[in-house]
Amino acid sequence: MPIEWVKREGAMIVLFVLTLAGGAYGAMNGLNGLTVVIGIMAFLIVLVIGLTRPKMTPYIIVFFTVFDRDLHLSGPVQLTSLTIVLFLLAPGFLRVIMTGKAVPRFARVGIWMLIFGLIVASLASAQPDLAWAGLVRWVPALIMIMGVGSLCITEEGMSRRVANALVYGGAVCGAFGILQRSGRYWLVGPPYAPDVTDSTFGYYTNFANFEALAAVVGVSLIISGLRLRRRLPLLITASTLLCVYMVATSYSRGAVGLVAVGLLVILLKELARPFRFFVVVGLLSLMGWLVVQLAPAELLAELIGKFTSSQNGDIVRSQLQAGGLQMLAKSPLGIGFNNFSALISSGDIYSTLALAHSHNTFVQMGLDAGWLGGAGFLILVVGAFWRAFRSKGGVVAVGFGAALAGFLVQVSQDYFFFEEASLVAFGLLVAGSVAGLRQKRTVEGDSLGTSDDSIGDISGKVGLRGDRTSEAGRASKLGPVYRDYAGQLRSRSSNKENAKSVPLTSDLRPGRR
């Protein structure tokens, strides 16, 4: 987080932190009335930030993703604090979307197909109250994807802010997981089962999934730091190591697979640069060795055992997946959000355990939003990955795409969107991936690359044509990234004018001594 940014936004940051601290104090001491008042103040501050400081929104979103809390309300709509935050940020995001008009067409098409599919499935659902509740959760998350994605495309450095927020959030969540594992239940409470760690999430695989995607994005930030500054970014490196450590000790095979696939995608992208490829391989090997040395041997042995031996849950998973495919073939309009367990209870689907999902996100999206919404989901995620993988300037953008690829592999055997925090974390991955090929601004017809990883060197990206002074004026309007370059242009122009004003004597004229 740049020092200048902290100074500029210091008042808003301090106000927000003090408000949250007061709310936490009130909650821990049972001051219910004060807690409600402070909570309302915090939400109002979030609304103001969304409208006036959109660049701060990634940190706000990740904060509430890590510390999401259920709001115990009557009725079928079970809201969380994160859902309220997304609704409050939605007006600011909508203004960004409409003014920037930078969201790629495939993302707009996929999101609208998903929204219409959820609406149709809710109308056709046997339990419409649950289905409409799902729509209420999905819509602000989809607005967030378009809003954050648009900011990442149009605002310099926004992708890096989102990436930093995810990695730091993963580190904070991992630290609370370590406290929880050691029996210290401050703020997070005990896990739902004694032999797992779920930290601030509601289920251990959701927690491990968040740590895994943060780890992959963190690796891309480390590579980017080495590439731009020729030094190791220590805070990001430490945070990434903590995330990898929590994945290795989480008992989640899917999270390990996410990290493996994500790192493979990053390495494939680096194959074109042999020297950097071997540097990245050496860095990843060192990180892996450190994690193995630090992790308890019994935890690693149990994780390895999950890969080498069959698990009882695999039988239930295969039953749920088969039943989900069977129901998807018979339900082109969908069954509605959170209606899957009712089909098991009624006997329409056979499974020894009535879970709320089919253990396959692609099938479950087709059930929740119909074939239309399922197709929209595929268009959105495949298009986002391809856009990030084709990124020619940004290691961070590739990191988002790599984490998204690993996520898609993991969710072919699982489903996480029953928890709002996991849905939002997925949305941030998509938003960062959508910005993979950033918009290019032009000066006199010459393109200027604006990826986060190209800001260290813009030589050769501005074609100099015509008058250097007017060229410098146009370059300075493009933002702080080009101001130093604009100053150089003005300096060269000034020197040239001074040289013209000096009378040339016979001794100074070319060709004469």
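I'll start with helix α4, residues 57-66, which is mostly covered, with nine of its 10 residues buried. This is a predicted model, so please take everything I say as computed from that prediction. The buried positions in α4 are Thr57, Pro58, Tyr59, Ile60, Ile61, Val62, Phe64, Thr65 and Val66.

Next, a helix pair. Two packed helices are described by the angle between their axes and the distance between the axes. For α5, residues 81-100, and α7, residues 128-154, the axes come within 8 Å and cross at roughly 45°. The two helices are therefore oblique to each other. As for the hand, the crossing of α5 and α7 is left-handed.

Which residues of α5 and α7 meet? On the α5 side they are Leu86, Phe87, Ala90, Phe93, Leu94, Val96, Ile97 and Gly100. On the α7 side they are Val136, Pro140, Ala141, Ile143, Met144, Met146, Gly147, Val148, Ser150 and Leu151. Sorted by type, the residues of this contact between α5 and α7 give 15 nonpolar, three polar and no charged.

Now the salt bridges. The count comes to four, and I'll go through some of them.

One of them pairs Glu155 with Lys55, with the closest N and O atoms 3.4 Å apart. This pair links distant parts of the chain, since Glu155 sits in the loop between α7 and α8 (158-181) and Lys55 in the loop between α3 (32-52) and α4, 100 residues apart.

Glu270 forms a salt bridge with Arg273, where the closest N and O atoms are 4.0 Å apart. Glu270 has a relative accessibility of 3%, and buried means under 20%, so Glu270 counts as buried. Arg273, with a relative accessible area of 31%, is partly exposed.

Glu270 also forms a salt bridge with Arg276, and there the closest N and O atoms are 2.7 Å apart. In that pair, both Arg276 and Glu270 are buried. Through shared partners, the salt bridges join Glu270, Arg273 and Arg276 into one network.

To recap: α4 is mostly covered. Glu155 and Lys55 link distant parts of the chain, and Glu270, Arg273 and Arg276 form one network.

Definitions and conventions
Residues are numbered from 1 along each chain as its sequence is written. This is a predicted model: local features need pLDDT of at least 70, side-chain atom pairs count only at pLDDT 80 or more; totals for chains, interfaces and linings use all residues. Side-chain values use heavy atoms; hydrogens and water are left out. Buried means under 20% relative accessible area, exposed over 50%, partly exposed in between (1.4 Å probe, protein chains only). Helices (H or I, at least four residues) and strands (E, at least two) are DSSP runs, numbered from the N terminus. Axes are lines fitted to C-alpha atoms, for helices over the stretch in contact, and angles run from 0 to 180 degrees between N-to-C directions. Angles under 35 degrees count as roughly parallel, over 145 as roughly antiparallel, 65 to 115 as roughly perpendicular and the rest as oblique. A crossing is left-handed if the near helix is turned anticlockwise from the far one by less than a right angle, and right-handed if clockwise. Contact means heavy atoms within 4.5 Å. Ala, Val, Leu, Ile, Met, Phe, Trp, Tyr, Cys and Pro count as nonpolar, Asp, Glu, Lys and Arg as charged, and the others, Gly among them, as polar. A salt bridge is a side-chain nitrogen of Lys or Arg within 4 Å of a carboxyl oxygen of Asp or Glu.
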